[in-house]
Amino acid sequence: MTAPGENLRINADRLWDSLMEMAKIGPGVAGGNNRQTLTDSDKQGRELFQRWCSEAGLSMGVDKMGTMFMTRPGTGPDALPVYVGSHLDTQPTGGKYDGVLGVLAGLELVRSLNDLNIKTRHPIVVTNWTNEEGARFAPAMLASGVFAGAHTLDYAYGRTDPEGKRFGDELERIGWVGEEEVGARKMHAYFEYHIEQGPILEAEDKQIGVVTHCQGLWWLEFTLTGREAHTGSTPMDMRVNAGLAMARIFEMVQELAMAEQPGAVAGVGQVKFAPNSRNVLPGTVVFTVDLRTPSQEKLDRMRAAIESRAAAICAELGVGCAVEAVGHFDPVTFDPTLVGRVRAAAEKLGYSHMNIISGAGHDACWAAKVAPATMIMCPCVGGLSHNEAEDISKEWATAGADVLLHAVLETAEIVN
């Protein structure tokens, strides 16, 4: 194989322009995006991506989860494809780069290869996974989870959003139910480029994060059942207060995570009170504990402790307690060969870099269950993500895309 030249770079202006153009679809209220999965905005984003890929000469495949696979052919008749991907869906108050950078950097990689007339033995497939965020339909990384065999298609189709709409129905409504069986594709390798979503790279003044591991995760949805009662006329010692039980569980989760430092996080980002009236004690409280750590032993220990301590808290207050795991994956160790290629590409290109563990979940976590996989990260300003103020620089975006280009070319094998 001929090694790619030192001077190979992506077209930085074209990548940035594509990011800004995609950001016009599903605009947020504060400069970011609200392009939640299977909405009309998601449909529009898919259509724009499809058009760009068609113009770049890519052929499209779509599986029954709506995941888009855009293929640049290789010269090897039996060579498995190298996949590059992420997601185009966003949080309700999401940024312009989370996920989108990885998809459009994959497209830019292909465009650059076309410009340079570079052929590869292995095909290259740019992928847009459906419902990575899990904001509308839990769990997150739903399509890649079905692809990896962690969820069934029926389970995925039956997931409902807060309005009770089914995933399968909404996928059909926007017209993106594909014919391919989910998980039927075979991968030679999988690369995912993503913003860090944390503050480490910027604080360390590094351009590239070489991702070696991804934290394991549990989403534990608690349903606490108390007794609705007037907040003014119900004596304190006669209350069955689900809200109080919730507050004590929140404090317990914080204390447990702090006791497991370093390398563990846990917290709550969503709470639903019913009837949610200011002068009525809640009859039902629903919330999800988000628990993450790169240590399998610690992940198992913390989940067991949270569930047992929560049950004890509720029992003391006479509050009912039910828990359902609505999201999970074990800690991931990315493929050492691919990790080494990312590191070598950063060094060859002269970009500062460091090893990093992904604190967030990504489709790469499920892809790693079925093929060699790894990730590349670039910094984001202040570590801020899942926020409309999420920001990166054009230079950061370009550096990671250059590294992606070289690592993918080494894996896909340039043909003379």
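Helices (H or I, at least four residues) and strands (E, at least two) are DSSP runs, numbered from the N terminus. The structure is a predicted model, in which local features need pLDDT of at least 70, side-chain atom pairs count only at pLDDT 80 or more, and totals for chains, interfaces and linings use all residues. Residues are numbered from 1 along each chain as its sequence is written, and side-chain values use heavy atoms, with hydrogens and water left out.

Pro-139 is placed in the loop between strand 5 (124-128) and helix 4 (142-147). The peptide bond that joins Ala-138 to Pro-139 is cis, with omega about 5°. A cis peptide bond also links Ala-274 and Pro-275, where omega is near 10°. Pro-275 belongs to the loop between strand 10 (265-274) and strand 11 (280-281).

Helix 12 comprises 19 residues (394-412). The expected span of a helix is 1.5 Å times one less than its number of residues.

Although Glu-413 is not a glycine, its phi is positive, about 70°. Its relative accessible area is 25%, so Glu-413 is partly exposed.

Asp-205, also not a glycine, has a positive phi of about 55°. This residue is found in the loop between helix 7 (200-203) and strand 7 (208-214). Asp-205 counts as exposed because its relative accessibility is 64%.

How values were computed: Buried means under 20% relative accessible area, exposed over 50%, partly exposed in between (1.4 Å probe, protein chains only).
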